[in-house]
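Try each task before reading its solution.

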Amino acid sequence: MILSPSPRILILLLAICFLGGWQLHGQPKAPPAGAQTDLIGPIDIPGDNLDQILALLGRWTGRSLLRPQNLPAVTLSLQMREQVTKEEAIQAVETLLNLNGIAVTPLGDRFLKVTALSAAKSEAPELIEGSALLLPPSGRTVSKLFQLKFLRVTEFMPQIAGLLNPAAGSPPVIFDKANSALITDSVSNLQRIETLVYRLDKPMLSGLEPKFYTLRSAKASDVVSKMKTMMSGPLQTQLGSATSYNADDRTNQIVLIADSRQHGFFDELIARLDVRADPNTRNEVIYLKHASATEVASILSNLVSGQNEATLRTSSSIPATRLTPAASNGSTITAAAAIVPQLGLDPSNQFSEVLTILPEVRSNAIVVSGTVDDLRLIEDLVAKIDVLLAQVRIEVVIAEVTLGDEATSGISELGLQIDGDKLVGFGGAASGIGVTNGVFSRPTPGALDLAATISLVTTPRKSNTNILSVPNIVTTHNKQGTIFVGEQRPVISSYLNDSTNTGGTTGSGYRSTVNQQQIGIELIVTPLIGPDGSVQLEINQTVEDILGEVIIDGNPQPRVGSRRTESFVSVQSGDIIVLGGLQRTSDGKSTSRFGPIPFIGDLFGKRSRSKTRTDLVFFLRPTVLTNTAADNVKAMEQVETFPDFQRAKLKRVLGETESVHGGSN
């Protein structure tokens, strides 16, 4: 148990030490009667070895000295001009030995242990239980446990390290969890450290006064947050670590604890911040004309998050923006941040932390909540994003060409000529399939459809060509268009055996699950339309044929063959793209009856086998639409070829549609 001196004893000792000029070391008092035999001196030892001094110490203390052989070899001098008591003489010798790196520690009541000062800590020196101020100052090596109440021992010990005797060896032993430290040093040094602990280990509330600010307009937590942002860094260091200010939202007050000299600074600052202002946020509904609300909201969320992500890398004090819907992954945010310069935005414009963006799918609008600057920036972005995308009409002719013995592809079989830049090189390939590609450019624009154009340029006409389909599709920039020509066949996808046992009779039944499978020709086109009328097409072709049947669990199933290619081509509006090479070889056999008798005629009739090669050729012509009446010229020309009653009815419907749209404008 560690005993602490009472305040009265400490004050008395401090008064004796500091005001009395250390009277314990001043003029000695006259010894009482009968005590003359305890006086020693005068002593004058100009220079003697350690053994002589230790002998004096042993004689004066009446104890036996225990010492190692390797004590430092020092020469000591001791002078006392007047008589002193035996206790004072012992203190002088202990201090002299301590100054020369030698420690004296008691071992029981009959022995003294003499060691090098650096090893004194490990030799179990005397542990002071009470106050070191109650002992006479000396160089005797002792230990004392200091337990701090308010100071942190890990902060206080490094600050007093310079006061300790460097010859004492290892530094103080710190007990962090107990907030204590064990110090081994001379009695004089421990007295000085105890005095410092007494003066410093107390609550540092002197000079601090609380003050309460009741806010009228602003919210207390918002004002405190702004104050902490403004006074972070060097300014907070100038205010001091003891200054604190916190918000009490229950009473809408700011509680300040600071030096009274700082109150004026906080009075003016809080008064400036507690002013009536317009609401920080506005709500706005932005209706979209062309774009999807969900896609636009996602793009804006990712864009704003990416911009704030870049800002946070340069300034950690700017908070991140909370957005709904949330941004996806880091790569999407980084990519969105790169869009800012492309959209012509000012990099200095920053979005606030209260910005929220939500899609309203029913009315195809986005709901934006944020500051006035947020709304202005979002409206500028929406005006750049919500634009009408370019459209393209793609005319397609799918022809099946029967190849002769010399023909290598359907293009060569048709006699198509590749002349100059009318064929732009591009390619597509699949396993076991070679594709030949070409582009035809008409010298002058006309109103002929693609099928008629192909008939004109393919001379002479081939009787072995079968046009399977002439579809047209209209799609927009970067939107997929699909054409399928074929059929759907039922295919058994699962086959279960439902066996039952009723009354000893076992019955068997089967349950099949049937799905519809598309079998035919599928063409998927994704266009990218340039501002100069160029069109880049990604073309995926899939051709599936029924090669025969296969029996699975007693059920006939179609055996389907598949051919696939993928091509990329860049052309101008109106150019014709030719894709070929999806060839197929089919085996055929035929018999002719010999004579009128059926069985005998079939037996002796002529039999033949044949192999037929066919190639599917795709003709595509993309035409960029201008959103004017010129886009409908070809369609109206086809309407003129309809019968009279159909043409009149169609024109009447088209006329009513135009009048409705004209009235709405």
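Predicted model: local features only at pLDDT ≥ 70, side-chain atom pairs only at ≥ 80, totals over all residues.

Residues are numbered from 1 along each chain as its sequence is written, and side-chain values use heavy atoms, with hydrogens and water left out.

**Exercise 1.** Find the buried residues of helix H8 (residues 263-273).

*Solution.* Helices (H or I, at least four residues) and strands (E, at least two) are DSSP runs, numbered from the N terminus. Buried means under 20% relative accessible area, exposed over 50%, and partly exposed in between (1.4 Å probe, protein chains only). Step one: His-263, Phe-266, Leu-269 and Ile-270 are buried. Step two: they cover an arc of only 130° around the axis, so they sit on the same side of H8; the arc is that of the directions from the helix axis to the C-beta atoms. Step three: on the other side, Glu-268, Ala-271 and Arg-272 are exposed.

**Exercise 2.** Which residues touch the most other members of the largest nonpolar core?

*Solution.* Such a core is a set of buried Ala, Val, Leu, Ile, Met, Phe, Trp, Tyr and Cys residues joined through side-chain atoms within 4.5 Å. Among its 24 residues, the answer is Leu-50, Trp-60 and Leu-97. Next, look at helix H2 (50-61): H2 gives the most to this core, with six residues.

**Exercise 3.** Locate Asn-179 and describe its backbone.

*Solution.* Asn-179 lies in the loop between strands E10 (173-175) and E11 (180-186). Its phi is positive, about 55°, although Asn-179 is not a glycine.
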